[in-house]
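Have the sequence and the 3D view ready as you read.

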Amino acid sequence: MAQANSASGMAVDDECKLRFMELKAKRSHRFIVFKIEEKIQQVVVETLGEPQQSYDDFTASLPANECRYAVYDFDFTTDENVQKSKIFFVAWSPDTSKIRSKMLYASSRDRFRRELDGVQVELQATDPSEISLDIVKERAF
């Protein structure tokens with residue numbers, strides 16, 4: 001049963017947590033894009049990225065003019081040649097999206113992120129340059 005939050009009234013669909021656990025524990029998804037369904041006041045899963053999909057596939061799955069939340073499982077190699085991965089939470093809020101939508105996503109963000117236990121880095125982006133691969137690499141180290 002999804003819990004509603006009195007502040008924003010936003011519930012989180014159980015599937016969000018389930019898919020996130022699969023990404024974290026089984027690495028069965030490369031990324032997940034989440035959408036707020038305003039009519040039902042709930043955060044739902046919109047897109048699941050296959051493990052072999054790239055970072056470009058991830059950024060392409062974010063709509064140009066609408067807000068979304070997303071998580072991305074980023075693999076990288078450290079300077080010491082150690083393979084690592086970090087889970088990024090992305091709050092996508094393009095400048096061109098509706099004010100109401102921006103406010104809704106902003107007010108629900110912290111609570112939703114807390115539902116996803118295991119996020120290591122948070123990024124907020126208003127345009128694609130703010131979630132470029134270079135920035136992600138920089139934040140991963």
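Here is a short tour of the ring pairs in this model.

This is a predicted model, in which local features need pLDDT of at least 70, side-chain atom pairs count only at pLDDT 80 or more, and totals for chains, interfaces and linings use all residues. Residues are numbered from 1 along each chain as its sequence is written, and side-chain values use heavy atoms, with hydrogens and water left out.

The structure holds 14 aromatic pairs. Rings of Phe, Tyr and Trp (its six-membered ring) pair if their centres lie within 6.5 Å; planes under 30 degrees apart are stacked, over 60 edge-to-face, and the rest tilted. Two of the pairs are set out here:

| Pair | Centre to centre | Angle between planes | Type |
|---|---|---|---|
| Phe31 and Phe58 | 5.3 Å | 55° | tilted |
| Phe34 and Phe112 | 4.9 Å | 75° | edge-to-face |

Phe31 sits in strand β2 and Phe58 in helix α2 (residues 55-60), so this pair links distant parts of the chain, 27 residues apart. Helices (H or I, at least four residues) and strands (E, at least two) are DSSP runs, numbered from the N terminus. Phe34 also lies in strand β2, while Phe112 belongs to helix α3, so their pair ties together parts that are 78 residues apart in sequence.

Phe34 is buried at 0%, and Phe112 at 1%. Buried means under 20% relative accessible area, exposed over 50%, and partly exposed in between (1.4 Å probe, protein chains only).

Finally, ring pairs join residues including Phe31, Tyr55 and Phe58 into a cluster.
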